[in-house]
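Hello,

I am passing a structure on to you, along with some notes on what turned up in it. Please open it first and then read on.

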Amino acid sequence: MNQFIETNNLTKKFGKFTALDDINFKVSEGEVFGYIGPNGAGKTTTIRTLLGILQATSGEAKLFGKDAWKNAVEIHKRIAYVPGDVNLWGNLTGGEVIDLFVSLRGKQDKEKRDKLLNIFDLDPSKKCRTYSKGNRQKVALIAAFASDADLFILDEPTSGLDPLMGEMFVEQVLNIKNSGKSVLLSSHILSEVERLCDRVGVIMKGKLIKTGTLEELKQGVAAGTGTVPGTMEELFMRYYKESEVS
């Protein structure tokens, strides 16, 4: 099976501070991989390294088998990225920004774009400076989902969205998965992770402490405590408390 993302002993230091410490995980073709952890754990640093925005201190990050830093321009033609805090050009309309982002990846599908505008209930004629945080997030999501990307890197993508739009997001990610494409999803909304992800990585203080299916992670906790976590929230808190003790 093709590996769309692969990190090998990925380490990133800022001076004496180690933000990422020997991170190892893979995301296969057609897989949704959840990346969870508390604020400051290293999720966004990992993503910025994968995007070629940051250069690894040591180890390696590969997308589609290519070095994330050296081949960033080529890699970006095949990925769609949505950050948790979207900044847009204030004088452009939402529709203009969506068309600009989609055009960077080549193919444009106007019918697909218009369908997504309707699904996410966005008025594309308004200037971006008039949009709320939630509507700015919708612009980025529509631009990503309307593209012909092979890999979607989503960093807190539903930040600012109301519950209904959160459901629309879940449906779109499932469509991506069913089409054989891959997703790296970093989210604090653990119910999203539980519904969408084939496997999950738990990062704490720059260390990837566990990876596996949700069932494997739950059984790992059960082996140490004698009880199986009933919810994703309970699972996360168990690992968080363990990391605090260690």
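Which residues form a nonpolar patch on the surface? They are Trp89, Leu100 and Leu104, with about 320 Å² of accessible area together. Patches are built from residues with over 30% relative accessible area and no salt bridge, joining like charges within 9 Å and nonpolar side chains (Val, Leu, Ile, Met, Phe, Trp, Tyr) within 5 Å. Accessible areas come from the Shrake-Rupley method with a 1.4 Å probe, and for residues only the protein chains shown count as cover.

Before the rest, a word on the basis: this is a predicted model, where local features need pLDDT of at least 70, side-chain atom pairs count only at pLDDT 80 or more, and totals for chains, interfaces and linings use all residues. Residues are numbered from 1 along each chain as its sequence is written, and side-chain values use heavy atoms, leaving out hydrogens and water.

**Around helix H3**

Leucine 100 is partly exposed, at 34% relative accessibility (buried is under 20% relative accessible area, exposed over 50%, partly exposed in between, with a 1.4 Å probe and protein chains only).

Aspartate 99 makes a salt bridge with arginine 113, with 2.7 Å between the closest N and O atoms (the rule asks for a side-chain nitrogen of Lys or Arg within 4 Å of a carboxyl oxygen of Asp or Glu). Aspartate 99 belongs to helix H3 (residues 94-103) and arginine 113 to helix H4 (residues 110-119), so this pair ties together parts 14 residues apart in sequence. Aspartate 99 is partly exposed at 29%, while arginine 113 is buried at 15%. Shared partners join Asp99, Lys110, Arg113 and Asp114 into one network of salt bridges.

**Other salt bridges**

By this rule the structure has 13 salt bridges. Another one of them pairs lysine 207 with aspartate 21, at 2.5 Å from N to O. Lysine 207 is in strand S10 (residues 207-212) and aspartate 21 in strand S2 (residues 17-28), so the contact ties together parts 186 residues apart in sequence. Lysine 207 is partly exposed at 43% relative accessibility, and aspartate 21 is partly exposed at 26%. Glutamate 74 and lysine 66 also meet in a salt bridge, at 3.5 Å.

**Strands**

Strand S1 (residues 3-14) runs antiparallel to S2, joined by 8 bridges (strands pair if DSSP finds at least two bridges between them). Here lysine 13 stands opposite threonine 18. The hairpin of S1 and S2 has 2 residues between the strands, and glycine 15 takes a positive phi near 65° there. S1 is also antiparallel to strand S4 (residues 58-63), with 5 bridges, and glutamate 6 has lysine 62 as its bridge partner in S4.

**Rings**

There are 7 aromatic pairs (centres of Phe, Tyr or six-membered Trp rings within 6.5 Å; planes under 30 degrees apart are stacked, over 60 edge-to-face, the rest tilted). Among them is the stacked pair of phenylalanine 120 and phenylalanine 145, 6.3 Å centre to centre with 15° between the planes. Both of these residues, phenylalanine 120 and phenylalanine 145, are buried. Ring pairs link Phe120, Phe145, Phe152 and Phe169 into a cluster.

Best wishes

Note on methods
Helix = DSSP H or I, 4+ residues; strand = E, 2+ residues; numbered from the N terminus.
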